[in-house]
Amino acid sequence: MKPVIDFIMYIVGLGPTVLIPIIMLIFGLCVRVPFTKALRGGLMVGIGFIGLNATVSILTDVMNPAIKNMIQVMHLNLQVIDVGWPSASAIAYGTAVGVSMIPLGIAINILMLVTKTTSTIDVDIWDFWHFAFSGSLVYALTKDIVLSLFLASVNMIVIMVTADRTAPLSEKYLGLPGISIPHGYAGSFVPIAVVFNWLIDKIPGINKIHMDAKDFNKKFGSWGEPTLLGFAIGIIIGILAYGFIPGMTIATKLGKIMLMGVTLSAVMIITPKMAALLLQGVVPVSDAIQSFTQKKFAGKRKIYIGMDTAVGIGSPVVLACATLMIPVALLFAFILPGNQFLPTIGLVGFVFMFPLIVSITHGDFFRSFIIGAINVIIGLWIGTNLAPLITKCARAAHFAIPKGSSLISSIDYGSNPYPWLIVQIAPYKIAAYAIGIVLIIGLCWWNRKKITAEEKAAAANQNKK
């Protein structure tokens with residue numbers, strides 16, 4: 001058993017930058033893409049991920065000092081410390097449940113493809129940690145590994161169905177042809193986005209407010225273009241971070257504010273180009289998969305390649321919402337009654353929260369920002385509530401708790417509605433199994449019905465041609 005666990009942990013340790021290109025190469029060869037073309041596609045995906053990670057790292061490098069200054073200015077001193085998603089993933093994969101989730105997740109994906117209850121081939125295996133995180137929390141609470149793996153699997157199936165249903169929107173509004181996003185963090189906000197987008201439609205006056213990327217250009221002229229928009233947002237963040245720090249000279253403040261502006265401008269320009277490089281690697285394999293499935297199976301079923309939500313962060317609306325949400329989240333942490341969660345490291349990760357929200361709102365900045373703010377409010381309360389259990393889970397995984405803190409959480413999956421809901425039902429085992437079974441049967445039946453209808457529509461369109 002130990003060699004198997006060691007091998008799985010080795011695979012996990014490769015990280016998405018190495019793991020996903022290897023998987024893309026294997027899939028390409030399976031659908032008869034020539035080796036050199038499949039290898040080039042896999043490498044382009046890896047290059048794209050390195051580029052996207054680099055832009056996030058650049059953003060993190062300038063944002064983390066700014067966040068610390070904003071915390072200092074606001075005199076925030078809260079009990080629950082944010083350890084960020086890297087630590088949360090380490091906690092998730094540090095348990096027996098976490099290690100088991102990778103082979104189980106692959107088996108679930110294959111079963112759903114065979115039964116036509118998903119159209120997504122999820123190559124983003126590394127991000128199974130989100131489902132492992134939910135299962136690890138349940139195990140820390142109940143010590144029942146079967147229940148833990150079952151509820152982690154429910155979490156995955158919900159996200160897989162969400163990926164299928166949002167894929168056409170992501171294709172249209174994020175420019176991601178043939179790609180879906182079965183990402184636990186991004187996908188969990190879709191139900192909230194759907195509900196509040198619908199509510200905004202019902203509010204007179206508010207429902208007339210629209211501001212997508214084209215509207216930015218119309219309303220703000222050259223300042224709505226990504227280069228100047230990023231610069232303006234960076235200047236705003238810089239003023240909030242450095243403009244009110246006592247003891248800092250005006251010259252130093254101006255230098256730091258300008259650096260923030262130029263950096264945000266660069267991120268706005270570089271990120272879409274890195275996403276485009278990644279897509280260069282995905283599209284040939286995606287096209288080959290479509291051709292292969294149409295030859296081998298009846299009908300015109302479309303298969304999506306499931307990728308990390310990083311593929312969607314090139315949208316200017318995503319980047320603008322995510323960056324402006326950082327000071328808003330700190331303000332909420334300061335004023336929300338009952339909140340003890342201080343988000344810090346994970347705040348830059350808001351870029352991974354917004355892609356599917358932006359898809360649901362059809363690329364609208366105003367609606368996306370409002371829905372994002374609602375998610376942050378809910379997330380702070382959830383992060384506070386789950387902190388004792390997350391800390392317990394971290395200790396069981398031998399995770400080093402930061403000095404000076406007694407409770408930890410994560411703005412990523414530690415302040416997320418899905419693991420919170422799972423933890424609420426887990427103590428009631430019979431009810432948890434019943435709810436989980438009803439939920440996955442209902443969702444799979446509904447998704448299969450949608451997939452079948454889409455197949456028939458595609459076949460009808462083909463016959464007309």
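**Exercise 1. Find where Thr120 sits, and work out why Thr120 counts as buried.**

Step 1: Thr120 belongs to strand 2, which covers residues 120–122. Strands here are DSSP runs of E with at least two residues, helices are runs of H or I with at least four, and both are numbered from the N terminus. This is a predicted model, where local features need pLDDT of at least 70, side-chain atom pairs count only at pLDDT 80 or more, and totals for chains, interfaces and linings use all residues. Residues are numbered from 1 along each chain as its sequence is written, and side-chain values use heavy atoms, with hydrogens and water left out.

Step 2: Check the accessibility. Thr120 counts as buried because its relative accessibility is 0%. The cut-offs are under 20% relative accessible area for buried, over 50% for exposed and partly exposed in between, with a 1.4 Å probe and protein chains only.

Step 3: Look at the neighbours. Contact means heavy atoms within 4.5 Å. Its side chain also makes a polar contact with the side chain of Asp164, at 2.7 Å. That term covers a pair of N or O atoms within 3.5 Å; within protein, one must be able to donate a hydrogen and the other to accept it, and residues adjacent in sequence count only if both atoms are side-chain atoms.

**Exercise 2. Is Ser119 buried or exposed, and what does Ser119 touch?**

Step 1: Ser119 is in the loop between helix 4 (96–114) and strand 2.

Step 2: With a relative accessible area of 2%, Ser119 is buried.

Step 3: Beyond residues up to four places away in sequence, Ser119 touches Leu113, Asp164, Arg301, Lys302, Ile303, Tyr304 and Ile451.

Step 4: From Ser119 to Asn109 it's 10 residues in sequence and 9.5 Å in space, C-alpha to C-alpha.

**Exercise 3. Which residues line the largest cavity?**

Step 1: On a 1 Å grid over the protein atoms alone, a cavity is a set of points where a 1.4 Å probe fits but cannot get out; lining residues have an atom within 4 Å of a point.

Step 2: There are 3 cavities of 30 Å³ or more, and the largest holds about 50 Å³. Volume is the space filled by probe spheres set on the points, which are joined across faces, edges and corners.

Step 3: The lining is Tyr185, Phe189, Phe350, Met353, Asn375, Val376, Gly379, Ile411 and Ser415. Helix 14 (residues 365–396) gives the most, with 3 residues.

Definitions and conventions
1 Å grid on protein atoms, 1.4 Å probe; cavity = no way out; pocket = protein on both sides within 12 Å on 5 of 7 lines; lining within 4 Å.
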